[in-house]
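This report describes a protein model through its helix packing, its overall dimensions and a selection of individual residues.

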Amino acid sequence: MYDMDLLDHTDTVNEQLARYGVKFGIYKNNTFKEQLFPFDAIPRIIEKSEFDYLERGLKQRVKALNLFLKDIYHEKKIIRDKVVPEEFIYASSGYLAQCEGIMPSKGVYSHISGIDLVQSKDRDWYILEDNLRVPSGASYPMIARNFCRRSSPKTFQDYSIADNRDYANLLRKTMDDVNVGGLIVLLTPGRYNAAYFEHSYLAEKTGVQLVNGQELIVENDHLYFVNYDGRKEKVGAVYRRISDEYLDPMNFLPESVIGIPHIFDVYRKGNVALMNAPGNGVADDKGIYYFVPKMIKYYLNEEPILKNAPTYLPFYEEDMKYVLENFDNLVLKDVAEAGGYGVVFGNTMTKQQKADFIELLKREPRRFIAQEVIDFLDIDIMEGDEIVPRKADLRAFVLSGEDTVVWKSGLTRFSRNPDSFIVNSSQGGGFKDTWVLSR
């Protein structure tokens, strides 16, 4: 049963999204191209009891991941106890030796966690990926819900839907919780970043200053925002939307022109909070993903509430044997890739491609994970005047400050290709609103 009044306004909502510049950017062949993120008005609906279950599992997972990050950069108990092999830590592209011994404000590493889930046809939920560096996407369901409310107010009177307009307040509270004293800013790489719309939208909604690297300077071990008239104001927290390696040319990539020289030194001394903390990539490495259920047991002494997709590490001899014997039934992922790239399905390769890939796999076993192909639950989308089933995932947003909270909404992305499991916007996917029922 669909709300036809809302569906009748699909084009109106998409027109509004276009008018407001709700786009994402893609770099391809050294060219930057912006495109609209197509919106589908049939919502994904999650019952209250089901979301309560997801909420418990997501809080548990993010708490364990934060404890893991604290441990890895300090005592390293989980390595000494041989729960996670040290090769998986120090060989990870996300591990930063510069972060050793640094304790971020309030001991929180991942303030904004984007956890990707899929629901299988048997209705079980599986975690596909943890995103703890600079997860994006919350702005799209925020603004889409706003336009849907304007276009079809009756829909939101007739259904008991949790109001998702509180994300900005939750995010601002998280910022305030870790602020060490001073102005809060959102640091963007600039207009040509893929997620620039989101940067400007979240800055506006949270009431913080949107800045680029040229507007921030370090003086006397503190960070300052330099106003248009030359006045300086001390900064206490930075919600940074640039990658670790570009953050500070004095401590990371020297060729970075979008970072702030010595900002990492200010952070090291505890004089500014960085959200998310540098070095988080060691915890969302796809190879580390395999160990998260073990982390939950290790740090929390609890059984994991949410399941990982069945995963194999070719790093282990037994798993390599399984992968080679079942290659055609598995999906292989490069641990360093993101955005749907570096994902290959065994059954789509030619004989030569398969032989070449297996040779690479044997040569670099730490570089890949293999997973069983989960048969996603199809959800309905509108294609022209027709309702058709497509694969979809859900990015849930978990915010950690004084408390850990799960936003009662999320980004549902779907594939517009009937034969594809890849839902990422960069791969041509669309998005829809996620209704969490309030009763």
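Helix H8 (residues 167–178) packs against helix H9 (residues 196–206) at an angle of about 80°, and their axes are 9 Å apart. Axes are lines fitted to C-alpha atoms, for helices over the stretch in contact, and angles run from 0 to 180 degrees between N-to-C directions. H8 and H9 are therefore roughly perpendicular to each other; angles of 65 to 115 degrees count as roughly perpendicular, under 35 as roughly parallel, over 145 as roughly antiparallel and the rest as oblique. From H8, the residues Tyr167, Ala168, Leu171, Arg172 and Met175 meet Leu202, Lys205 and Thr206 of H9, where contact means heavy atoms within 4.5 Å. The residues of this contact of H8 with H9 comprise five nonpolar, one polar and two charged. In this classification Ala, Val, Leu, Ile, Met, Phe, Trp, Tyr, Cys and Pro count as nonpolar, Asp, Glu, Lys and Arg as charged, and the others, Gly among them, as polar.

The model is predicted: local features need pLDDT of at least 70 and side-chain atom pairs count only at pLDDT 80 or more, whereas totals for chains, interfaces and linings use all residues. Residues are numbered from 1 along each chain as its sequence is written, and side-chain values use heavy atoms, with hydrogens and water left out.

Within H9, the buried residues are Phe197, Glu198, His199, Tyr201, Leu202, Ala203 and Thr206; buried means under 20% relative accessible area, exposed over 50% and partly exposed in between (1.4 Å probe, protein chains only). Gly207, with a positive phi near 75°, follows H9.

Helix H3 (residues 48–72) and helix H14 (residues 292–300) cross at roughly 80°, their axes coming within 9 Å. H3 and H14 are therefore also roughly perpendicular to each other. H3 contributes Gln60, Arg61, Ala64, Leu65, Leu67, Phe68 and Asp71 to the contact, and H14 contributes Val292, Met295, Ile296, Tyr298, Tyr299 and Leu300. By class, the contact of H3 with H14 has 10 nonpolar, one polar and two charged residues.

The protein contains 16 helices and 21 strands; helices (H or I, at least four residues) and strands (E, at least two) are DSSP runs, numbered from the N terminus. Its C-alpha atoms fill a box of roughly 60 × 55 × 45 Å along the principal axes. Buried residues make up 55% of the 439 residues. Of the contacts between residues at least 6 apart in sequence, 70% join residues at least 24 apart.

Lys333 lies in strand E14 (residues 330–334) and is buried, with a relative accessible area of 9%. Beyond its neighbours within four places in sequence, Lys333 is in contact with Leu128, Lys286, Gly342, Val343, Arg367, Phe368, Ile369 and Gln371. Thr404, in strand E19 (residues 404–406), is buried at 16% relative accessible area. Not counting residues up to four places away in sequence, Thr404 touches Lys59, Lys63, Val398 and Leu399.

Most residues other than glycine have a negative phi, and most peptide bonds are trans.

The peptide bond from Met275 to Asn276 is cis, with omega near -10°. Asn276 is placed in the loop between strand E11 (273–275) and helix H12 (281–284).
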